[in-house]
Amino acid sequence: MSTVPTTQGKKKINWAPYLLILPSLVYLAVFFAWPMVRGLTLAVWDDEARLSLQVEATAESDTAGTLPQGTTVDILDQQGNKVPLEDIEEGNLLTEIWYQVRAESVEGEEVTGWVPESRIRVREEADDGTPLGGTVRSKLGENVDPLTSLFTEENEDSEVIGQLESRVQVSIEGVSILEVWYLISGAEEEGGEAVEGWAPSRYIQVFEDEIQGRIDRGNTGAFTTTYLEKMVNDRFFWPAVRSTLLLMVIIIPIQFILAIIMALVIQANLRGTGFFLYVFAIPLAASDLAVGIVWFSIFTTNGYLNTILMGLGIIDSPVTYLSAETRYWIIIAIVLAEVWRATSIVMVIVVSGLQAISNEVLEAAELFGAGLWQRLRHVILPLLRPSLQVALILRTILALQVFAVVVALSGGDIVTVLARETYRQYYDFRNLNVAAAYAGLILLISMVSAVFYLRTIRTQEEAAA
Amino acid sequence: MTTIADHQVTKVEASEEVKAIHRKMLRRQKISKGFGYLVAIIILLWILVPIWFIGSMALTTQENVRAFPKGVLPFIEFSLETMQFFLSSEGIIPGIINSVTVAVITLVLSTLIAAPAGYAISRYIFRGRDTYRLSVLMVRAFPIVVLAIPLVVVFINFGIFDSIYSLALMHTALTLPTTILIIGSVFASVPYELEEAAKVFGCTPFQAFRQVVLPLVLPGIAAAAIFTFVMSWNEVFAASVLTIQNRTLPAQVFNTLSQSSQAYQFAGAFFMLIPSMIFIFIIRRYLFNMWGQVTK
C-alpha cells in the first residue's frame, strides 16, 4: 500500500473518504444486506401461519386473538363486509351482493335503501351489465313475512327503513359487493381455551354442514421449521449434501496442487512465460455452463474420450459414461471440468504470493543445496500460507456453488448438488421458502468453513510465536 | 532466480571444488528448465485441447457433429453451419442482446460506484476503513445462490421481476465488491508522491487527479471494467432465476439444455467461451494487479 496522507490533524475529521465510499455502502445495503435478511427469513418464517380474529367484523377493529392454520372452528354467525375491489379477484372469497333500490313502500312513500341481491329479480340492465331496475321477488312458503325489508346499510343488522311488497317495481341505484365474514370460535389445541372472533371468508374453508369450518390459511406470520423439515426430508437433500461435500473434498486438493505447479512454471522464467500465463488464465473468465458443455462433448457416448480410446484400441465399442449406472464417471467428469475451470484463480493468487517472496530467500535455499521438493516444503509453502488461505476460502465458497457444470454433465438428477437443489425448489417446484432454506444452508457451510480456515491459520501463527 | 549469464560474468578464480559445485548447479538448472518446459506444455495441452475440441464441433457441419468417431479441425470440414444453426435458434439473438445490455449496464454502474470507493480505500486512512474492506471482502465471498433467491422476492414485491434492468441491478450487487477491491489496488499501484508532486507544482487536488493519476489508472480501471463485463456475461444462476421471458444468453442455453441438440449445445458453449478468451488476452497484464492485491 502506498503512502497515505496523515497530515490532516486529529481534531478535524476528513469527510472525503466517507463521501467516496457512501454510494457503494448504500448500494450494498439496498441490494445486498436488506434482501439477504428478508430472503433468509423466508426459510424460517411462515407468512400465513396464523389467522388473527377481530373483535368486530371489520379489519380495523381490535384483535381478539390468533389461531394457527388448520384449526377446526365452529362458525357462529356471518355478516357481509365491504371489500376492496382488487381483493375480490383473490380466490376463495365468499361474496354477498347488495342492491341500493328506490321503490314505493307498503306505506305508500318513496324510500331508498339496501336489499340483498337474492330479494330482487333484475329485469333491466345497462349495456355493460349494470343492473338498472327490477322487481321484488315474492317470498314462498307459509308463516313467512311476505314483505321485504329495506335497510339503511348493506347489513341485515342495520336499521330497517321500510318494507316492500312482492313484485313491486324498483329502480336499482347502487350495487355493493361484500365479503362474508364469519364469527368463529376455536381453540389452539384440543380442550384448550377457545378464542372467538371475526375473520373474512377467504381464510376459512366452511364444511358442508355450515356450522363448522377449518382455517385454510392465516394472515399473520410466525416462526416455523416446516420449510427446514421439508428440505431435509426432500429425496434429493442427502444426495445433494453428499455429492457437494465429496466434490469439494476431491476438487480442492487437486486444484491446489495443480495451481502450485502452474505457478512454479510461471515463476521459472521460461521463454514464453507471457504466453503460458495467458493460456493458463483463459479458464478464469470462462462461463461455467460453457465449460460443462465442453466436458460433455468429451464424455458423451459419441464424444472425444470414446473416439480417442477406440483410436488407441483400448475399447472396441463406445462406452456410456454419463448414465445413472455410472455415477462415478459423472463425478470424475465434474471434477475434471471444475479443475479445468477454477484452477486459474488459485494459480493467479499463488503467483502473486510467490512474487512477494524475495528472491534472496529462494537463492539461499538453493545455494544450500535444497532440492525443488525441499524448497517447496520448507520455504515456499510456509511463506505462501496467507495466499493459500485466501485461495482456500474463496475456492471452498465457490465450490459450494457448482451448478451449471453439474446440470450440463448429468442433467442435474443423477448427481445433484446443493445449488442445483436450490434452483429446483425455486424453479421447478416454485417453493421459494424451501429454496431459501437451501440458500441458508449453503451460506452456513460457507461461513463455517471460512471461520474454520481462519481459526486454523491463527493457531498455527500463535504456535509459531 | 539466478541465470547462467550472471555466473559467467563473475571471473574470479575458484577452487576445483567450487567449480564442481558450480557445474553441478548449472546442470541441475538445465534439467529443471527442461522439466519446466515439459510441465508447461502438458498444462498448456490440458487447457487448450478441450477448447480445440469444442471449437472443432462448433465450426463444422452438423453431420460431423453427429458423427462418431469424432474428428477435429483441421482434419474435418470447416463450416459455419453449426454456428448458424445455433444463432438462428429461437431466443438466441435476443439473448445475446440481453446479455450485452445487462453486462454493459452492470459494467457502467459497477465502475461508477466502485471507482470512488476504490480511491478512498487506497488513498485515505479513516476510521472504519478496515471494517469496510473486510465487509466488502465478505460480500465478495458470498454465494450467488444465497443472494439470488432473496433478491427475487424483493423484485417480485416491487414488480420489476423478469426484467433485464433488475438483473443488471443484481449483477452489480454481485460484481461491486470485486470491482471495488480491484480498483482500490489499481489506485494503490500509483504512488501518492506523484499526486503530491503535482500539487507542489501548483495543481489543485482535482487537477492533480485529472492530469496525473487518471491517465495512470485508466488502463487498470478498464481492465476491472472488462472483468465486470465478463462476470455478468457468464452468470447463469441469477439470470435463470430472475428472468423468464427476457432471458440472457447463458440462461437461454441453460434452460433449453435438456431439449436441445448437441450441435446447438456445442456451438453455444464455444460462442460463450469466445469473449472470455479475448478479454483475458486484453487484460492479461493486469491479472496480478487485480487478484494479487485482492488477497492482501
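1. Asp130(B) counts as exposed at 55% relative accessibility, on a scale where buried means under 20% relative accessible area, exposed over 50%, and partly exposed in between (1.4 Å probe, protein chains only). Its salt-bridge partner is Arg129(B), with the closest N and O atoms 3.9 Å apart. Arg129(B) itself is buried, at 14% relative accessibility. A salt bridge here is a side-chain nitrogen of Lys or Arg within 4 Å of a carboxyl oxygen of Asp or Glu.

2. A word on how to read the model. It is predicted, so local features need pLDDT of at least 70 and side-chain atom pairs count only at pLDDT 80 or more, while totals for chains, interfaces and linings use all residues. Residues are numbered from 1 along each chain as its sequence is written, chains are lettered from A and ligands numbered from 1 in the order in which they are written, and side-chain values use heavy atoms, with hydrogens and water left out.

3. On confidence, chain A averages a pLDDT of 83, and 94% of the residues score at least 70; pLDDT is the predictor's confidence in each residue, from 0 to 100. Helices (H or I, at least four residues) and strands (E, at least two) are DSSP runs, numbered from the N terminus. Where pLDDT is low, the predicted coordinates should not be read in detail.

4. Now to the interface. In contact (heavy atoms within 4.5 Å) are 101 residues of chain A and 102 residues of chain B. The area buried between chain A and chain B is about 9,300 Å², with carbon and sulfur atoms giving 78% of it; buried area is the accessible area (1.4 Å probe) that two parts lose on being put together, summed over both. In chain A, Tyr27(A), Tyr304(A) and Trp340(A) lose the most area to chain B, together 8% of what that side buries.

5. Helix H1 (residues 16-41) of chain A gives the most to the side of chain A that touches chain B, with 18 residues.

6. Over all chains, the count comes to 11 salt bridges. Asp413(A), Arg420(A), Glu421(A) and Arg424(A) are linked in a network of them. Within it, Asp413(A) meets Arg424(A) at 2.9 Å, N to O. Asp413(A) sits in the loop between helix H11 (404-410) and helix H12 (418-428), and Arg424(A) in helix H12, 11 residues apart. Asp413(A) also pairs with Arg420(A), at 3.9 Å. Asp413(A) is partly exposed at 44%, whereas Arg420(A) is buried at 7% and Arg424(A) is buried at 5%.

7. Last, please look at Ser352(A) in helix H8 (residues 327-356) of chain A. Ser352(A) is buried, with a relative accessible area of 8%, and a polar atom of its side chain lies 2.7 Å from the backbone oxygen of Val348(A).

Definitions and conventions. Polar contact = N/O pair within 3.5 Å; in protein donor to acceptor, adjacent residues only side chain to side chain.
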